[in-house]
Amino acid sequence: MTESDEPILVTRPLMPKLENYNRYLEDIWVSKWLSNGGAKHRELEARLKEYIDAPNISLFNNGTTALMTAVQSLRLQGEVITTPFTFPATTHVLAWNNITPVFCDIDPIRLTIDPEKIERLITAKTTAILGVHVYGVPCHVDEIQDIADRHGLRVIYDGAHSFTTVHNGRPIADYGDITMFSFHPTKLFHTGEGGALVFNDSNLKQRIEYLKNFGIKNEEEVLLPGINGKMGELQAAMGLSVLPLVKEEQGLRSEIRKIYTDALGEVKGITIIKVPENTTSSEQYFCICIDEVEFGESRDDIYDRLKASNIMARKYFSPLVSEYPCYSSLASASRKYLPQANRITKNVLCLPFYGGLSQYDINRVINLVLLRK
Ligand SMILES: *Cc1c(COP(=O)(O)O)cnc(C)c1O
């Protein structure tokens with residue numbers, strides 16, 4: 001029973017063999033080059049480009065700075081239509097760019113921005129739509145692009161959860177103008193801290209590279225008010241050590257998904273959040289939605305019971321971003337315009353989900369979820 005003494009977290013970072021990481025460090029020690037597009041950075045960029053079939057990719061020190069830079073690179077301003085059902089960074093990036101976020105309700109099945117509700121939010125100030133592929137479930141990318149084309153808007157995706165996702169035969173970052181990936185340790189593929197932008201328009205590459213390096217062109221010229229978004233060599237080395245582990249980890253998680261689904265999929269009041277047809281799962285999270293009336297207990301009841309047993313499920317995403325004091329006074333943050341998001345945020349729960357989870361612990365999680373008061 002020793003296993004039950006250790007807390008079980010919602011995820012655990014993929015840890016490469018230390019000797020593999022050390023091998024990269026030895027090269028770095030010889031080179032004495034720690035940042036600014038060194039050899040490991042170049043190697044990781046090339047490997048990732050191939051791995052996710054990216055036409056253009058720029059690495060960053062984290063996903064948030066990457067998304068900030070994406071917004072800058074497209075010169076967005078005014079208002080951007082986005083989802084309240086996300087991690088704080090998505091919306092904060094707009095605020096840091098002096099842009100007003102306009103919250104749009106979500107599709108109750110995919111939990112991503114509801115394309116049917118976007119158009120009524122468009123004003124003369126709208127410059128873009130910022131969607132989130134929540135838990136790796138793709139947004140309604142075709143409908144969103146159609147709206148953007150008709151209104152001359154840009155499309156950015158927060159793809160923090162959707163590394164390797166393929167949707168209708170196309171890599172997820174093929175949709176929209178720019179897609180951000182986060183390589184934070186809680187994400188499936190990680191670089192300790194890190195992130196990337198992927199985009200189709202090669203003309204953006206130079207501008208993004210300037211923006212992430214203070215706008216510096218050369219020793220004599222600084223062209224843009226850039227930021228420090230550079231990924232360092234130690235991070236890139238971590239990425240090179242972790243990338244070969246991603247496929248096996250996804251396989252293990254996919255088996256755990258099957259076990260959870262077999263146990264919970266038919267239970268009245270529990271809905272498992274799944275990727276739609278013709279979509280590969282990134283296996284970032286395993287999330288369920290609890291209908292309190294049908295299940296006979298609330299999400300918080302289950303959360304508390306797991307926590308009492310030292311199992312830390314996570315309420316992603318609760319509270320809604322539109323409920324934060326810094327945004328709640330916006331007209332679009334009003335609960336009456338966001339009924340689905342406000343309902344679902346009370347019902348979602350992400351269960352522990354990582355390859356190293358033992359069968360014993362998976363069963364404990366399942367039994368505790370189903371053990372009604
Ligand atoms: C993790 C995450 C981010 C932030 O990425 P960082 O690399 O931690 O800056 C942004 N959006 C979503 C949806 C995330 O899950």
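Lys187 carries the UniProt annotation "active site", taken from an unreviewed entry. The record also gives this lysine the annotation "modified residue: N6-(pyridoxal phosphate)lysine", again from an unreviewed entry. UniProt positions follow the numbering used here, feature names are shortened, and annotations may be inferred rather than shown by experiment. The model itself is predicted: local features need pLDDT of at least 70, side-chain atom pairs count only at pLDDT 80 or more, and totals for chains, interfaces and linings use all residues. Residues are numbered from 1 along each chain as its sequence is written, and side-chain values use heavy atoms, with hydrogens and water left out.

So where does Lys187 sit in the chain? Its place is the loop between β8 (178-182) and β9 (195-199). Helices (H or I, at least four residues) and strands (E, at least two) are DSSP runs, numbered from the N terminus. Lys187 counts as buried because its relative accessibility is 14%; buried means under 20% relative accessible area, exposed over 50%, and partly exposed in between (1.4 Å probe, protein chains only). Setting aside neighbours within four places in sequence, Lys187 touches Ala160, His161, Ser182 and Gln284, where contact means heavy atoms within 4.5 Å.

Now for the ligand. There are 15 residues around it, and Thr64, Asp158, His161, Ser182 and Lys187 come nearest; a residue is near a molecule or strand if one of its heavy atoms lies within 4 Å of it. His161 and Ser182, both in contact with Lys187, also reach ligand oxygen through their side chains. The table lists polar contacts, meaning pairs of N or O atoms within 3.5 Å; within protein, one must be able to donate a hydrogen and the other to accept it, and residues adjacent in sequence count only if both atoms are side-chain atoms.

| Side chain | Distance to a ligand oxygen atom |
|---|---|
| Thr64 | 2.6 Å |
| His161 | 2.8 Å |
| Ser182 | 2.7 Å |

Next, helix α8. It has 19 residues (246-264) and should span 27 Å at 1.5 Å a residue, which agrees with the 26 Å between its end C-alpha atoms; the expected span is 1.5 Å times one less than the number of residues. Which residues of α8 are buried? They are Val246, Glu249, Gln250, Arg253, Ile256, Arg257, Tyr260 and Leu264. Viewed down the axis of α8, these buried residues fall within an arc of 125°, so they line one face of the helix. That arc is taken from the directions from the helix axis to the C-beta atoms. Lys247, Glu248, Lys258 and Asp262, on the other side of α8, are exposed. The buried residues pack against several elements, including α2 (39-51), α7 (233-242), β11 (286-290) and α12 (359-370).

The loop between α10 and α11 holds Phe317, and the peptide bond from Tyr316 to Phe317 is cis, with omega near 0°. Pro319 is found in the loop between α10 and α11 too, and the bond from Ser318 to Pro319 is cis, with omega near 0°.

Asp53 is not a glycine, yet has a positive phi of about 55°. Asp53 is found in the loop between α2 and β1 (57-60) and is exposed, with a relative accessible area of 55%. Asn278, in the loop between β10 and β11, has a positive phi of about 60° although it is not a glycine. At 58% relative accessibility, Asn278 counts as exposed.
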